[in-house]
Amino acid sequence: MKNVEIINKKPVAAGLVDYEKTHKEFSWEIIKREFDIDDDKVNIAYEAIDKHAKTWRKNKVALYWEGADGTCQKYTFLEMKKLSDKCANMLRALGVKRGDRVFIFLPRLPELYIGMVAIAKLGAIAGPMFSAFGPDAVRDRLQNSEAKVLITTPELKERVDAVLWELPKLEHIVLVNHKEDEELEEGNVCYKTLMRDASDIFEMEWVKLEDPLYILYTSGTTGRPKGVTHVHNDMVSHYITTQWVLDLRDDDVYWCTADPGWVTGTVYGLWGPWLNGISFYVFDGRFDAATWYEIIQNYKVTVWYTAPTALRMLMKAGDDLVKEYDLSSLRYVCSVGEPLNPEVIRWGLKVYGLPIHDNWWQTETGSIMIANYPCLPIKPGSMGKPFPGIEAAIIDGTGSKLSAGQHGLLALKPGWPSMLRAVWGDEKRFKEYFNINGWYATGDTAYKDEDGYFWFVGRADDVINTSGHRVGPFEVESALLEHRAVAESGVIGKPDAERGEIIKAFIVLREGYKPSHELEEELKIFIRHRLAAHAYPKEIEFCANLPKTRSGKIMRRLLKAKDLGLPTGDISTLED
Ligand code: PRX
């Protein structure tokens with residue numbers, strides 16, 4: 001066991017005061033009782049918005065919003081209730097019923113947040129999509145979920161138009177920011193006009209705790225993205241992890257930098273804080289170090305939840321920049337999505353005067369599973385300890401627990417409230433998560449030290465993590481194959497100091513095509529446009545052939561080993 005340094009030796013007591021005691025005595029049932037709910041008559045939207053609109057919080061700001069152009073808006077809980085009621089009435093008038101899928105393809109506009117709440121109010125299922133997605137990614141999601149309605153902007157709709165003919169189940173497209181004097185195509189409606197006419201009193205659709213709430217598509221090693229399906233019951237996990245891990249309190253101004261197209265943005269950039277009646281801030285702009293510090297200064301942000309890539313970029317922007325801003329409002333910082341380097345934590349301590357609390361979870365787990373808490377010392381580089389009520393273990397391939405220090409598969413005991421309930425329309429892929437003796441297998445490898453802290457080692461599969469974004473190699477390979485010049489491709493994640501990993505593609509060209517810088521650039525743009533801006537291969541290598549198994553599967557492991565100059569391991573299944 002390595003001798004690790006410990007920082008935050010005298011932690012502040014907050015929501016979670018005594019980790020060990022709470023861990024021992026914890027019961028999800030007791031937490032659930034904090035909601036006055038009936039299992040068959042519940043709605044997360046009531047708990048997150050409407051409930052607060054009936055109390056002193058009605059005039060409290062629920063959302064501070066700032067556009068990329070500097071436009072600022074704010075919405076109280078009461079305003080949020082009325083707007084989401086209007087939006088729910090609008091969607092109901094379009095024929096949306098309980099269980100229908102309504103997808104949102106928007107930048108981080110207020111309408112995205114209003115829409116998410118409205119969809120829940122209808123008992124419908126929300127599908128938030130990251131605005132950097134291209135037509136292929138959008139098609140995969142709308143097609144697989146059989147979405148009935150899509151909420152988007154005229155600009156983003158252009159990407160949907162390219163695949164509209166493949167989406168026969170899509171009945172309506174609601175256009176936010178549509179110019180009222182411009183003509184609407186058939187099936188398209190104007191958000192502004194319909195909202196103006198809709199009533200701001202909506203009769204809540206009460207659902208069952210186990211009814212689906214949202215679907216987020218995420219990547220595995222093979223196949224199309226999986227529709228990870230979550231339910232209203234997730235709120236029990238959202239509620240308590242927000243309090244105990246993010247340490248949020250009523251007087252906080254909280255900023256989660258994640259987009260709701262990713263699980264962090266849906267859970268901790270929306271439901272978690274609102275279930276606790278917390279005011280949060282949303283910035284619909286790109287990363288820029290100075291702008292980010294200005295936000296913290298101007299909005300007096302107290303709690304900040306961000307990602308290692310952003311922190312590394314801030315570190316690169318330098319210590320002097322930090323000194324130009326008054327960041328004294330900050331009291332708590334958390335990070336998620338990729339390994340957080342110890343040097344970033346040390347740097348944070350130096351320039352912000354605060355430790356950065358890393359935590360670990362996944363789209364499938366629906367809430368934070370392993371974390372560093374305000375009440376526990378931090379070992380830089382460790383993801384922390386399991387949330388009370390979560391049993392995490394390091395296991396071998398048969399499900400036996402390994403001892404402290406041994407590297408193995410990170411697994412969780414199923415049954416916490418926010419665990420995925422289904423892979424949309426794919427029972428087989430859902431069951432694959434539980435193949436190892438009933439454990440939920442995370443796909444990550446890790447180890448646990450003698451003090452019960454978990455340390456991330458890597459992925460057990462080929463999934464790529466670039467800037468905290470999960471990308472499936474298969475999706476990039478398939479998209480590349482759609483290009484006329486590509487005969488075969490193999491895609492890997494390559495370690496990168498800033499982004500964690502970058503995407504590298506090995507490409508065999510078709511007859512008649514020659515490697516060139518121009519072709520390389522063309523392929524990068526092709527993937528950016530077809531699949532997603534974050535999923536394009538930053539590096540491309542043309543080769544004569546790819547290593548394959550005798551059954552024809554590309555051996556990405558070998559591509560990676562060769563690229564990084566590592567041992568190639570077992571190659572007995574390699575084709576000649
Ligand atoms: O590999 C782990 C990595 O991100 C994966 C989950 O990705 P996603 O479902 O997109 O959710 C990301 C945000 C909740 C994990 O399987 N990951 C997440 N957090 C950490 C991490 N890797 C290292 N350290 C973390 N703190």
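## A salt bridge between the domains

Arg-530 forms a salt bridge with Asp-136, and their closest N and O atoms are 2.2 Å apart; a salt bridge is a side-chain nitrogen of Lys or Arg within 4 Å of a carboxyl oxygen of Asp or Glu. Between domain 1 and domain 2, the count is one salt bridge.

This is a predicted model, in which local features need pLDDT of at least 70 and side-chain atom pairs count only at pLDDT 80 or more, while totals for chains, interfaces and linings use all residues. Residues are numbered from 1 along each chain as its sequence is written, and side-chain values use heavy atoms, with hydrogens and water left out.

The chain is divided into domain 1 (75–232) and domain 2 (464–564), with bounds from an automatic or database domain assignment. Their centres, taken over C-alpha atoms, are separated by 32 Å.

In contact (heavy atoms within 4.5 Å) are 16 residues of domain 1 and 17 residues of domain 2. The two domains bury about 1300 Å² between them, 46% of it on carbon and sulfur atoms. Asp-136, Ser-219 and Thr-221 supply 36% of the area that domain 1 buries against domain 2, more than any other three residues. Buried area is the accessible area (1.4 Å probe) that two parts lose on being put together, summed over both.
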